[in-house]
Amino acid sequence: SNEINFVQDNISISKKGVLRGLHYQLEPFSQGKLIRCLKGSIFDVIVDLREKANTFGCWSSIILSDNNLNQLWIPSGFAHGFLTISKEAILNYKVDKYWNKKNERSLKWDDKDINIEWPLKEIDLKIPFLSKKDEKANTFKEIKLYGDFFK
């Protein structure tokens, strides 16, 4: 069935210039996520990692903010990341599977094959603030090598 059962609500707090992602989990722990920005604004990005999809390797973005109150549903099979463009951002995201360390993967934010146009100039940054985990993220080519896409 297409019914979605959320198992957890997560809150994420980030300062301006923090970039998180691009994260995803492999099957059988692949997550659907429903995201909204409760405070501030973010530049939110998804990348299609489903090998059979005609949008495989393509990215798309949306601004989520406490002004527009948009929500973004990210189905399983996509990597997700965001850049905080306000002074601070508080995100709420509901997930339909629990976090699983072993199955968690990261795609590099500035991967040349994906070529995401992050609005860094608009917030006067050359390079965003990254976690250690996200600094070590894999490129699209490496992910292909490891077979870590969705079949």
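The model is a predicted one, in which local features need pLDDT of at least 70 and side-chain atom pairs count only at pLDDT 80 or more, while totals for chains, interfaces and linings use all residues. Residues are numbered from 1 along each chain as its sequence is written, and side-chain values use heavy atoms, with hydrogens and water left out.

Strand β4 covers residues 41–48, and β5 covers residues 59–65. Helices (H or I, at least four residues) and strands (E, at least two) are taken as DSSP runs numbered from the N terminus. The two strands β4 and β5 run antiparallel and are joined by seven bridges; pairing requires that DSSP finds at least two bridges between two strands. Seven bridges also join β4 to strand β7 (residues 78–84), again in antiparallel orientation. Within β7, G81 is the bridge partner of V45.

Eight of the eight residues of β4 are buried, so the strand is largely enclosed by the rest of the structure. Buried denotes under 20% relative accessible area, exposed over 50%, and partly exposed the range in between (1.4 Å probe, protein chains only). In a regular strand, side chains alternate between the two faces of the sheet. In β4, S41, F43, V45 and V47 point one way, whereas I42, D44, I46 and D48 point the other way, and all are buried.

W73 lies in strand β6 (residues 71–74). The residue W73 is partly exposed, with a relative accessible area of 34%. Together with I4 and F6, W73 makes a nonpolar surface patch of about 260 Å².

The chain contains two helices and nine strands, in the order β-β-β-β-β-β-β-β-β-α-α from the N terminus on. Of its 151 residues, 46% count as buried. The radius of gyration, taken over C-alpha atoms, is 15 Å. This agrees with the value near 15 Å for a compact globule of 151 residues, the rule being 2.2 Å times the number of residues to the power 0.38. Along the principal axes, the C-alpha atoms fill a box of roughly 40 × 35 × 30 Å. Among contacts (heavy atoms within 4.5 Å) between residues at least 6 apart in sequence, 84% join residues at least 24 apart.

Notes. Patches are made of residues with over 30% relative accessible area and no salt bridge: like charges are joined within 9 Å, nonpolar side chains (Val, Leu, Ile, Met, Phe, Trp, Tyr) within 5 Å. Accessible areas come from the Shrake-Rupley method with a 1.4 Å probe; for residues, only the protein chains shown count as cover. A salt bridge is a side-chain nitrogen of Lys or Arg within 4 Å of a carboxyl oxygen of Asp or Glu.
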